[in-house]
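Please open the model in your viewer and keep the selection tool at hand.

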Amino acid sequence: MHLTERLLGFMLLGSEWVLWLLLCLSVISVAVMVERAIFLRARGYADALARELRALLKGGDVEGARQALAGRTAPAAVVAAAGIDHYDRGSEAAGEAMAGAKARLRIDMERNLGVLGTLGNNAPFIGLFGTVLGIIKAFADLSHNSGGGAGAVMAGISEALVATAVGLMVAIPAVIGFNYFQGKVRKSLARVDAIAHLVLASFGESAESDAPAVRRAEAEG
């Protein structure tokens with residue numbers, strides 16, 4: 001059997017299996033969107049956290065800041081807690097700790113978003129492939145039953161076009177979900193950066209607040 005005949009035998013399977021594939025992909029897409037929505041839901045108000053941290057660190061209450069961050073799962077709180085845990089080791093150590101925590105958070109926050117992006121880009125092509133298979137099958141059926149006329153071909157083509165429509169139905173929500181969650185990730189990381197800079201700025205404030213006491217001790221000595 002020639003290669004062309006083998007390929008034709010595969011093509012004549014039609015577009016039904018492609019529709020089942022797109023149905024499975026749509027379930028995966030919905031599952032990813034639900035999982036990401038739960039993971040990226042609002043977990044604390046960053047502005048209120050920033051005000052609270054600023055007040056505590058400005059007063060030199062590092063332990064109070066550590067207790068305020070304990071148990072919080074918001075991304076900004078997790079990164080700030082990493083900096084506070086290394087506060088006694090200096091600003092460079094705290095900055096590196098927060099950078100590492102942010103990198104880990106980015107991986108978790110962007111997990112599975114590639115699936116949505118891939119489905120959004122490729123589901124229409126999968127649907128188009130199913131349409132091409134359906135059209136090939138429609139013309140093959142016509143060649144074996146020429147009495148059906150153009151009506152039989154049109155019926156087969158209309159069924160084949162369903163695959164393209166289903167491909168678009170899978171792709172459009174996936175693209176919307178991908179863009180939406182990417183926006184949420186960017187906003188969350190922006191809040192993380194703001195909190196990290198606040199923690200680092202507190203080192204300068206702490207040094208300024210300690211300077212008068214240091215000068216008095218030097219004068220007395």
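Begin by selecting helices H4 and H5 of this predicted model, where H4 passes H5 in a left-handed crossing. To find the side chains in contact, select Val-62, Ala-65, Arg-66 and Leu-69 on H4, then Ala-77, Ala-80, Ala-81, Ile-84 and Asp-85 on H5. Sorted by class, this contact comprises seven nonpolar residues, two charged residues and no polar ones. H4 covers residues 62–69 and H5 covers residues 75–85; their axes lie 10 Å apart and pack at an angle of about 150 degrees. Angles over 145 degrees count as roughly antiparallel, and H4 and H5 are therefore described in this way.

Next, select helix H2, residues 16–39, together with H7; their axes come within 10 Å and cross at roughly 165 degrees. H2 and H7 are therefore roughly antiparallel to each other, and their crossing is left-handed. On the H2 side of the contact, display residues including Trp-17, Leu-21, Leu-25, Ile-28, Val-32 and Arg-36. On the H7 side, display residues including Leu-113, Leu-116, Leu-119, Ala-123, Ile-126, Phe-129 and Leu-133. The classes represented in the contact of H2 with H7 are 16 nonpolar, three polar and one charged.

Finally, select Asn-112, which is found in the loop between helix H6 (91–109) and helix H7 (113–144). Is Asn-112 buried, partly exposed or exposed? With a relative accessible area of 32%, Asn-112 is partly exposed. Its backbone also deserves a look: the phi angle of Asn-112 is near 75 degrees, a positive value in a residue that is not glycine.

Note on methods: Residues numbered from 1 in each chain as written. Predicted model: local features only at pLDDT ≥ 70, side-chain atom pairs only at ≥ 80, totals over all residues. Heavy atoms only, no water. Axes fitted to C-alpha atoms, helices over the stretch in contact; angles between N-to-C directions. Helix = DSSP H or I, 4+ residues; strand = E, 2+ residues; numbered from the N terminus. Parallel < 35°, antiparallel > 145°, perpendicular 65-115°, else oblique. Left-handed = near helix turned anticlockwise from the far one by under 90°. Contact = heavy atoms within 4.5 Å. Nonpolar A, V, L, I, M, F, W, Y, C, P; charged D, E, K, R; others polar. Buried < 20%, exposed > 50% of the residue type's maximum accessible area, 1.4 Å probe, protein only.
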